[in-house]
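Open the model in a viewer and keep the residue selection tool at hand. The stops below go from the whole chain to single residues and then to the ligands.

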Amino acid sequence: MIEKLIDVLRCAGPGARQWHQTFLYTTDDDGATVATALRELNERSPLFDVDGVEAEPIRWECSCLQRKCGSCAMVVNGMPGAACDVRLSSLRGKRVTLEPLRKFPLVADLVVDRQVVYDRLRDMEVWLEREVELPKGRRNADAYEASRCLQCGCCLEVCPNFAASGDFGGMAAMVPVARLLAETDADERRRLAASYRSAVFSGCGKSLACRDVCPAKIDLAHLMSRSNAAAVWGR
Ligand code: SF4
Ligand code: SF4
Ligand code: FES
């Protein structure tokens with residue numbers, strides 16, 4: 001049996017005070033994730049915290065529950081991740097602290113507004129003008145790898161150079177560019193390469209602090225080296 005104290009950083013809305021509220025959660029399911037716990041806590045009606053105080057349902061986002069959409073991204077015990085991907089059994093200790101991603105405007109409880117991730121891609125003009133034919137070989141594998149990005153923002157959470165108010169797009173911008181660099185023809189690649197150099201390459205410290213937090217397990221170091229080679233060094 002798994003028994004955890006789920007400690008949620010709560011907030012009623014933008015600008016409101018943040019405070020911690022703890023819930024006891026037990027399950028016989030060894031595969032239970034943070035998302036499982038949040039769903040089951042919210043199914044309790046009424047929901048009581050460990051002090052016996054009646055609580056509002058915990059606000060958080062989810063859609064696929066299969067690590068495919070990125071909507072459940074949050075900070076679990078200090079590390080960003082997808083709630084549906086983090087098994088409770090993998091977390092040491094009894095207390096599990098859940099906080100919203102800190103790099104984005106807070107909406108309520110564990111919900112943030114990640115619109116800036118998409119705004120960056122729009123500003124970089126990272127989109128396809130027409131249908132593309134997947135090239136064969138290694139580039140195709142890179143395009144596939146990059147296509148798995150969830151736009152969850154976990155890599156931005158740990159990036160020392162990313163700020164929602166800044167110009168640097170971080171890995172969440174690099175990965176889609178890496179895909180398009182691998183898929184598009186020479187003219188399109190020149191345009192994308194210029195965007196990449198100004199919005200990603202010039203702002204990135206190359207520390208790869210983002211490398212190990214990606215819930216999709218994308219090989220960020222490899223994609224970055226491929227994109228740098230194509231967009232910066234012309235190889
Ligand atoms: S390598 Fe460093 S600066 Fe570049 S995106 Fe990753 S964490 Fe940010
Ligand atoms: S690269 Fe990984 S961590 Fe970053 S936005 Fe995409 S899926 Fe999320
Ligand atoms: S709900 Fe889609 S990634 Fe977690």
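Helices and strands here are DSSP runs, numbered from the N terminus; a helix is H or I over at least four residues, and a strand is E over at least two. The model is a predicted one.

**Stop 1: a loop with a cis bond**

With those names in place, select proline 46, which sits in the loop between α1 and β3 (47-48). The peptide bond that joins serine 45 to proline 46 is cis, with omega at about 0°. Now move to arginine 67, in the loop between β4 (54-55) and β5. Arginine 67 is not a glycine, yet its phi is positive, near 60°. As background, most residues other than glycine have a negative phi, and most peptide bonds are trans.

**Stop 2**

**Stop 3**

Show the strands as a cartoon next. In which order do the five strands of the open sheet lie? The order is β2-β1-β7-β5-β6, and the pairing is mixed. β2 (18-27) and β6 are the edge strands; each has a single partner strand, so one side of each has no neighbour in the sheet. From one strand to the next, the twist averages 35°.

Go through the pairs in turn:

- β1 and β2: these strands pair antiparallel over ten bridges. Select isoleucine 6 and its bridge partner in β2, phenylalanine 23. The two strands form a hairpin with six residues between them, and glycine 15 in the turn has a positive phi of about 85°.
- β1 and β7: strand β1 (residues 2-11) pairs with strand β7 (residues 95-99) in the parallel sense, over four bridges. Leucine 5 stands opposite arginine 95 in β7, and valine 8 has leucine 98 as its bridge partner in β7.
- β5 and β7: these run antiparallel and are joined by two bridges. Valine 76 stands opposite leucine 98 in β7.

Helix α1 lies across β1, β2, β5 and β7, and runs at about 95° to β2.

**Stop 4: a helix pair**

Select helix α6 (residues 186-199) and helix α7 (residues 220-231). What are the angle and the axis distance at which α6 and α7 pack? The angle is about 115°, and the axes are 9 Å apart. The crossing of α6 past α7 is left-handed. To see the contact, show Ala193, Tyr196 and Arg197 in α6, which meet Ser227, Ala230 and Ala231 in α7. Sorted by class, this contact of α6 with α7 comprises four nonpolar, one polar and one charged residues.

**Stop 5: ligand 1**

Centre on ligand 1 and display the residues around it: Cys159, Asn161, Phe162, Gly170, Met171, Cys204, Gly205, Lys206, Ser207, Leu208, Ala209 and Cys210. The shell around ligand 1 divides into seven nonpolar, four polar and one charged residues.

**Stop 6: ligand 2**

Which of the 15 residues around ligand 2 come nearest? They are Cys149, Cys152, Cys154, Cys155 and Cys214. Two helices, α4 (154-157) and α5 (171-183), each supply at least two residues of the shell around ligand 2. The largest share of this shell comes from α5, with three residues. By class, the shell around ligand 2 has twelve nonpolar and three polar residues, with no charged residues.

Terms used. Residues are numbered from 1 along each chain as its sequence is written. Chains are lettered from A and ligands numbered from 1 in the order in which they are written. This is a predicted model: local features need pLDDT of at least 70, side-chain atom pairs count only at pLDDT 80 or more; totals for chains, interfaces and linings use all residues. A residue is near a molecule or strand if its C-beta atom, placed from the backbone, lies within 6 Å of it. Ala, Val, Leu, Ile, Met, Phe, Trp, Tyr, Cys and Pro count as nonpolar, Asp, Glu, Lys and Arg as charged, and the others, Gly among them, as polar. Axes are lines fitted to C-alpha atoms, for helices over the stretch in contact, and angles run from 0 to 180 degrees between N-to-C directions. A crossing is left-handed if the near helix is turned anticlockwise from the far one by less than a right angle, and right-handed if clockwise. Two residues are in contact if their C-beta atoms, placed from the backbone, lie within 7 Å. Two strands pair if DSSP finds at least two bridges between them.
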